[in-house]
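User: I'd like a walk through this structure, one feature at a time. Could you give me the general idea and then the case at hand?

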Amino acid sequence: MLLLPTNYYLAGGAVAVALTFAVLAVGSLTVLDRFADVRIRLFAVPDKLLLAGSFICLAFLAALVVIGFIGSRDPLSNPLPLMVWTVVWVGLTLLQGIAGDLWRWINPWYAPARLLSRLLGRGTGDRMPAWLGYWPAIVQFFAFAWFELVYPAPDDPARLAVAVSVYFTVNLVAAVAFGYEAWMQRGECLSVFLRMISRLAILDSKDDGEGRRCLALCLPGAKLVGAKPLPLSGTLFLLLALSTVSFDGLMRTFFWFGLFGINPLEFTGRSSVIGISTFGLIAMFVLLAAAFLLAVWLGERLTRAPAGFGRAAGTLVWSIIPISMAYHFSHYLVVLVINGQYALSALSDPLMNGLDLFGTAGMHVQAGLLMGAQSAWLVWNLQSAAIIGGHVLAVLVAHVIAARLYGSARDAASSQLPLAALMAGYTVFGLWLLSSPTAG
Amino acid sequence: MMTDIVHSSSILTSSISRRSALKGLGAAAALGTTPGFVRYAQAQSSAPIKIGFQAHRTGIGAAYGRWYERTTAAAVKAINEAGGINGRPIEIVIEDDGTDAARGAEVVEKFANQHKVDLIYGTLFSHVVVGSSPAAGELKIPYYVVSEGYHVASGKMNRWVVQPGITDVRQQCRSVAPWIMNNVGKKVTMIYPDYAFGHDHRDFFAPAVEEQGGQVVAKIAIPPTETSFTRYFPQIPSDIDVIYHVMVGPAVLTFVKELGEFYGGSGPKLFGFIDSLEAVDINSPGLEFLEGSHFWEGSPRYLQANASEHEKAYRAAVGLDDNGASVNDPKDVSTAAHMFGCWETLYIIKQAMEAADYKGPEDRAKLIEATEAITDIPEGAEHPQGAKVFNGKLHQVFGTQNISVVENGRLNVVHRTSIEDGLYEPEADYTTQPL
C-alpha cells in the first residue's frame, strides 16, 4: 500500500469533491431535486412478517449467545463474535445502506417487546419523554464503540455473550417501558443507526394503511433529501457514528501511535492504551461535531434568508450518511472479506463438534485474497472509489437539502461553501487514513 | 492451472483444517463417555491431554497467528493419528491473547484455573511472553513458548518457561557472522529499527563480527515510525562490504525500494533477516533490488532441491507449496522461517511427557524436569528443520540456521550453519530455582 502513488488520490479526491460543488453552484438544481422524488413502485409486504422475522432472529441470537458461552474460545471459530462484529456490524450495515431497512423485518426486540407489552397490558405507543431526544442512543452508541474499539477483549466469546445479553435485556425493558417504536427510533443505538443508514438505500417503503408496506425503488440518497430535521441530539448521534468509524482508522495509524510516543512495531496491546483510546474516541467526536456545526453556522451567515441554525443542522446532517457508509465500507472491507470467510466456516460448525450444516465447515480461509501487490492495488482503488464517491454524493445531497431549506439556488450555493470545504477535507482525511502505515 | 489448485485444495483442506483435526478429537473424547463401569477406566487412560494454545488471533500478531495455528493443527493431527501422547489424544484449547501483554497473563490464568489445561504453549510475540511468564510461574504451569526472543535465555523468565522448539535471536546473529565474514566481507554497516528487536541484533551481531576479525563501521538506528528512508542512506560509509538490515513493519518494501534506488544496482552487498519479509512474496514490486542478496532463514521458505524426506512430509502436512505459500492459496505466503517451531515444540512436549510418564496436572513439575533432561535432538519427522541441542539449564534450544540467496525470485539455501556456530556463554541456570 505504501508503494502506491496515494498522494495523487488524496489530491484527486479533494478536487473531485470540490468540482462537484462548483458544478452544482453554477448549475441548475431542479433536475436533481426532481430526481430525488422519483419512485418506481414494486410490491407490498404484509406487516405480519415482522413478527415471524423477529422470532426467527431472536431464536438465532439466543443460540449464538449460548454458543458464545459454551462454544470454542477462539474468536475466529466461535460464531458469536464473527456474527456480531463482521456479519451484523459490517455486513448488515452495508446491506442496509444499499437495500433499505432490512433490520426492521428481523429486529429481535420486536416480538418479545410486543408480547411483554401485551402481557403487562401496556400499549406500544410512544411513552418516551421528548426531552430524552436521542440521548439514550448516544450514550449506548458510545458504550458500543468503546467496547468495540477500546475494551481489550471485545472478541472474547464469553465476554461478548455477557455484553450482548445485558444489552438485549436493558433495551427490551426500555422498549416495553417507553414504547417499541419510540425506543427503536431514539433509544436502541443499533436500530437507530441502521434505520438512518437505510435512508441511503435504493429501496423506499411506505405504510399503505392496510397492514402492508409498499416497496419502491428510488435513487441512492434520495430518501435523505426528504428526511425530517433531526433535533440536536439526533444530529450529534449521526456525527458520533461517523466519528467512531473514523477513529477506528486513526487509532491504528503510526501517526496516532507517534503522538503518544508508542512504538507501533512493538505495540504491547490494547490494555496499555485504554486511557489514550478513550480520549481519542471522545476527541474525534468533539472535533467532528464542532467542525460540522461550525460549517453549518457559517453557512447560515452566508445566506440572505437563514433557516435557523437548529433546523439547518438537523436537515443538513443527513448528508453525512453517504460519508458514513463510505467509511464503513472502506475501513471494514478487509475485515469483511477475511472474517466473513471465518464466519461461514464457524456457522457451519458452531460448536466445533464436527457438524457441517452448510458444507463450509472445512473451508480454507483465503487470506491471500488481500495479499500481494495486485490485491493491494485493487483494495486501495475500491476504498478510494468509495470514499470519493461517498463524499461526492454527500455534496449532492447537501446541496439539494440546502436548496429546499433556503429556497434558492444562489443561497444553497453560498450556504454550502463551508460544508463543501469540510467534506473535501474529510475526503483527504479518509484517504490519508487508508493509505497510512498502520499496526493492529 | 486453476483446476490444479482446486484439485489440490479439495484434497488437502481436509488434511490440514483445524476443524477436522478437532473432529477426530471429538470422537476420541466421546469414547470416555460410554456408559457403564468401563467408562471410568477408559476415561483415566484416554482422556485427552489438554494443551492451552495462547494464540495471537487478533491484534498486531494476527497474521503470524494464523500460520502458527495452522502448523499447530497439523502437528496435533499427526501426533493424534500416531496414537497421541501415552495413548491419549491431544486437545488444543485456543484462547486469543489479542497480542496484548496484559491479556496474555489473563489467558494464562484462565488456562490454569478455568480450562485446567496440562500446559500452555505457542506464544510468539516477545511482549506477550514477558507479560505472561510471571503468571505461569506463580501458577506453576509449564509454558512452552515459540518466540525466537532472547528473553528465555536471558534468565529473566522463570523455571516454568521453556523454549525448546526455536532458536533465539542471539545464536541466530552469532551463527551467520562467520559465513558473512568469510564470504561477503568484513566491513559492515548495520541498519536496524531503533527499539528492542533492532537493539538485540546490534548487541549480538556486532560482537560476533569482531570475534571473526570483522568490523561494524556504522550502526544506523531508524525510528520505528519512519516510512521513508532515503535521508538515512548518506550515513552509510562508502568503503563497506556489507549492509546488514533487519527492518520490519509495513514500510519494509519502501525501505528496500529506496535502498535499491539509492545504489542503483551497484553498492555494497546486502544481508538481511527474513523476519523483514516473513509472509511477504519475495517477488513483490520494489523487491527486485534484493536479487543476489542474502537472508537468514530459520527454515527455508522455498522447497530446496536437497530437502530431506522429513521436511517434505512436514511441508505436506502443514499444506505448503514449493514456494512456501499455502497449497490452497498461492498468494498466502507462510511464515515458514519461524512456524516450524510450533511443530517441533509439540513433539518436544510429547517426548517429555512420555519420559515423565505424565498422568495429569500433578505431574507438571516432572514435565519441566523431563524437558530439562533433553539434550540431543536428532533430525527427523519430529524435527524436520534439523538436529538441535537443548540446554536444560538455559531452557533454550540451539540449532542450525540457513543462509539463502535470492535467485530469480526464489530463496535458495547456500549455507547451513553448525549448531556450534551459534553457541554462547550461558547467562542463566533455571534449574537452581525450586519448582
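**Reading the model**

Analyst: Let's start with a strand pair: β1(A) and strand β3 (residues 212-217) of chain A pair in the antiparallel sense over five bridges. Strands pair when DSSP finds at least two bridges between them, and helices (H or I, at least four residues) and strands (E, at least two) are DSSP runs numbered from the N terminus. Keep in mind that this is a predicted model, where local features need pLDDT of at least 70, side-chain atom pairs count only at pLDDT 80 or more, and totals for chains, interfaces and linings use all residues. Residues are numbered from 1 along each chain as its sequence is written, while chains are lettered from A and ligands numbered from 1 in the order in which they are written.

User: Which residue stands opposite A:R41 in β3(A)?

Analyst: That's A:A216.

User: And how many buried residues does β1 of chain A have?

Analyst: Burial is a neighbour count: a residue is buried if 20 or more other C-beta atoms lie within 10 Å of its own, exposed if 12 or fewer, and partly exposed in between, with C-beta atoms placed from the backbone. For β1 (residues 40-46) of chain A the count is zero among its seven residues, so the strand is hardly covered. Take A:V45, which sits in that strand: A:V45 counts as partly exposed because it has 14 C-beta neighbours inside 10 Å.

User: What does A:V45 touch, leaving out residues up to four places away in sequence?

Analyst: Contact means that the C-beta atoms of two residues, placed from the backbone, lie within 7 Å. By that test A:V45 touches A:R212, A:R213 and A:L215.

User: How do I read a helix pair?

Analyst: Two packed helices are described by the angle between their axes and the distance between the axes. Axes are lines fitted to C-alpha atoms, for helices over the stretch in contact, and angles run from 0 to 180 degrees between N-to-C directions. Here, α3 (residues 49-70) and α8 (residues 157-178) of chain A pack at about 145 degrees, with axes 7 Å apart. Their crossing is left-handed, a label used if the near helix is turned anticlockwise from the far one by less than a right angle (clockwise would be right-handed).

User: Which residues meet there, in α3(A) and α8(A)?

Analyst: From α3(A) you have A:V65, A:G68 and A:F69, and they meet A:P157, A:A158, A:L160, A:A161, A:V164 and A:S165 of α8(A). By class, this contact has seven nonpolar, two polar and no charged residues. Ala, Val, Leu, Ile, Met, Phe, Trp, Tyr, Cys and Pro count as nonpolar, Asp, Glu, Lys and Arg as charged, and the others, Gly among them, as polar.

User: Now chain B. What is in it?

Analyst: Chain B has 13 helices and 17 strands, and buried residues make up 55% of its 435 residues. Five of its strands form an open sheet with parallel pairing, in the order β2-β1-β3-β4-β5. The edge strands, β2 and β5 (161-162) of chain B, each pair on one side only. Over two bridges, β4 (residues 143-144) of chain B pairs with β5(B) in the parallel sense, and B:V162 is the bridge partner of B:Y144. Helix α5(B) lies across β1 (49-55), β2 and β3 (119-121) of chain B, at about 165 degrees to β1(B).

User: How is chain B divided into domains?

Analyst: Domain bounds come from an automatic or database domain assignment. It gives domain 1 (2-167 + 337-399) and domain 2 (169-297 + 401-422) of chain B. Their contact takes twelve residues from domain 1 and eleven from domain 2.

User: And where does chain B meet chain A?

Analyst: In that interface, 50 residues of chain B are in contact with 41 residues of chain A. Elements giving two or more residues to the chain B side include α1 (2-16), α2 (18-31) and α8 (196-211) of chain B. That side divides into 18 nonpolar, 19 polar and 13 charged residues.

User: Is B:N86 buried, exposed or partly exposed?

Analyst: B:N86 counts as partly exposed because it has 15 C-beta neighbours inside 10 Å. Its backbone deserves a look too: B:N86 has a positive phi of about 50 degrees although it is not a glycine.
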